[in-house]
Amino acid sequence: MPSEQHRKAAILSGMRILVIDDSANARRLLKSLLMAFGVGGDEVIMVGDAPSGLELLHTIEPDLIICDWNMQPMDGIQFLRTLRLRDTPGACTPTIMLTAHTNPELVKAAMEAGANHFVAKPVVPANLLKRIQWVRADKRVYLLEGDHYVLKDPGGIAPPPPNSPSRRAGAGQGESIWEV
């Protein structure tokens with residue numbers, strides 16, 4: 001009988017994931033983990049820098065992007081800000097920021113730049129899987145504000161009914177979107 005983690009991982013089969021990281025070792029590790037979670041090897045597309053990732057979005061449509069923060073010539077925050085521009089291909093593609101920097105201000109900056117979630121390095125496989133599943137279940141929608149797409153809670157688009165309990169956009173029951 002398959003373990004609970006393997007059953008959960010099976011839902012990742014059929015996903016196409018773009019991995020952007022300047023470390024070849026990190027890219028290999030992420031590909032191995034994603035394949036172990038059920039993503040086909042041909043469905044993990046890897047590039048070594050953010051401009052290459054943006055260029056690739058003209059020809060592929062990934063279901064998810066996993067992007068490192070600390071890269072050159074364009075870092076992960078710059079990538080997210082460019083990705084979320086109105087005319088960028090894949091502007092509404094869910095994105096997980098990956099970095100060793102887990103200070104709360106940096107996590108908040110990534111989320112404000114357009115990250116759907118955040119994974120700390122070194123990558124713990126169970127945490128990566130949890131974040132991917134969280135992003136896939138996220139009910140927030142992308143709305144154009146000015147020239148950028150931003151995530152909004154669809155329940156928050158209209159005012160909540162009087163006396164209804166409100167919850168933070170994107171946080172699951174008992175889960176904070178800021179946890180790393």
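These are my notebook entries on what I looked up in this predicted model.

**Ground rules**

The model is predicted, local features need pLDDT of at least 70, side-chain atom pairs count only at pLDDT 80 or more, and totals for chains, interfaces and linings use all residues. Residues are numbered from 1 along each chain as its sequence is written, and side-chain values use heavy atoms, with hydrogens and water left out.

**Overall layout**

I began with secondary structure, taking helices (H or I, at least four residues) and strands (E, at least two) as DSSP runs numbered from the N terminus. The protein has 7 helices and 7 strands. I read their order from the N terminus as α-β-α-β-α-β-α-β-α-β-α-β-β-α.

Next I looked up burial, where buried means under 20% relative accessible area, exposed over 50%, and partly exposed in between (1.4 Å probe, protein chains only). Of the 180 residues in the protein, 41% are buried. The accessible surface is about 9,500 Å², and carbon and sulfur atoms hold 54% of that surface. These areas come from the Shrake-Rupley method with a 1.4 Å probe, and for residues only the protein chains shown count as cover.

For contacts I used heavy atoms within 4.5 Å. Among contacts with a separation of 6 or more, 62% are between residues 24 or more positions apart.

**Cysteines**

I checked for disulfides, defined as a pair of cysteine sulfur atoms within 2.5 Å. The count by this rule is 0. Cys-67 is buried because its relative accessibility is 1%. Cys-92 has 34%, so I noted Cys-92 as partly exposed.

**Asp-21**

I found Asp-21 in the loop between strand S1 (17-20) and helix H2 (24-36). Its relative accessibility is 0%, so Asp-21 counts as buried. Leaving out neighbours within four places in sequence, I listed its contacts as Ala-26, Arg-27, Val-47, Gly-48, Asp-68, Met-71, Leu-98 and Lys-121.

**Glu-43**

Glu-43 sits in the loop between H2 and strand S2 (44-47). I noted Glu-43 as partly exposed because its relative accessible area is 25%. Beyond residues up to four places away in sequence, Glu-43 touches Met-15, Arg-16 and Ile-17.

Pro-73 lies in the loop between strand S3 (64-68) and H4. With a relative accessible area of 61%, Pro-73 is exposed. Apart from residues up to four places away in sequence, Pro-73 touches Asp-49, Pro-51 and Gln-78. Pro-73 and Asp-49 are 24 residues apart along the chain, and their C-alpha atoms are separated by 7.5 Å.

Pro-122 is in the loop between strand S5 (117-120) and H6. Lys-121 was also in my contact list for Asp-21.

**Helices H4 and H5**

What angle do H4 and H5 make where they pack? Helix H4 (residues 76-83) and helix H5 (residues 104-113) pack at about 20 degrees, and their axes are 8 Å apart. That makes H4 roughly parallel to H5, because angles under 35 degrees count as roughly parallel. Ile-77, Leu-80 and Arg-81 of H4 make the contact with Ala-109, Ala-110 and Ala-113 of H5. The axes are lines fitted to C-alpha atoms, for helices over the stretch in contact, and angles run from 0 to 180 degrees between N-to-C directions.

**Helix H6**

H6 (residues 125-137) has 13 residues and reaches 18 Å from its first C-alpha to its last, close to the expected 18 Å. The expected span is 1.5 Å times one less than the number of residues. I listed the buried residues in H6 as Leu-128, Leu-129, Arg-131, Ile-132, Gln-133, Trp-134 and Val-135.

Pro-125 is also in H6. Its relative accessible area is 34%, so Pro-125 is partly exposed. Setting aside neighbours within four places in sequence, Pro-125 is in contact with Leu-33 and Phe-37. Pro-125 and Leu-33 are 92 residues apart in sequence and 6.7 Å apart, C-alpha to C-alpha.

Conventions: Parallel < 35°, antiparallel > 145°, perpendicular 65-115°, else oblique.
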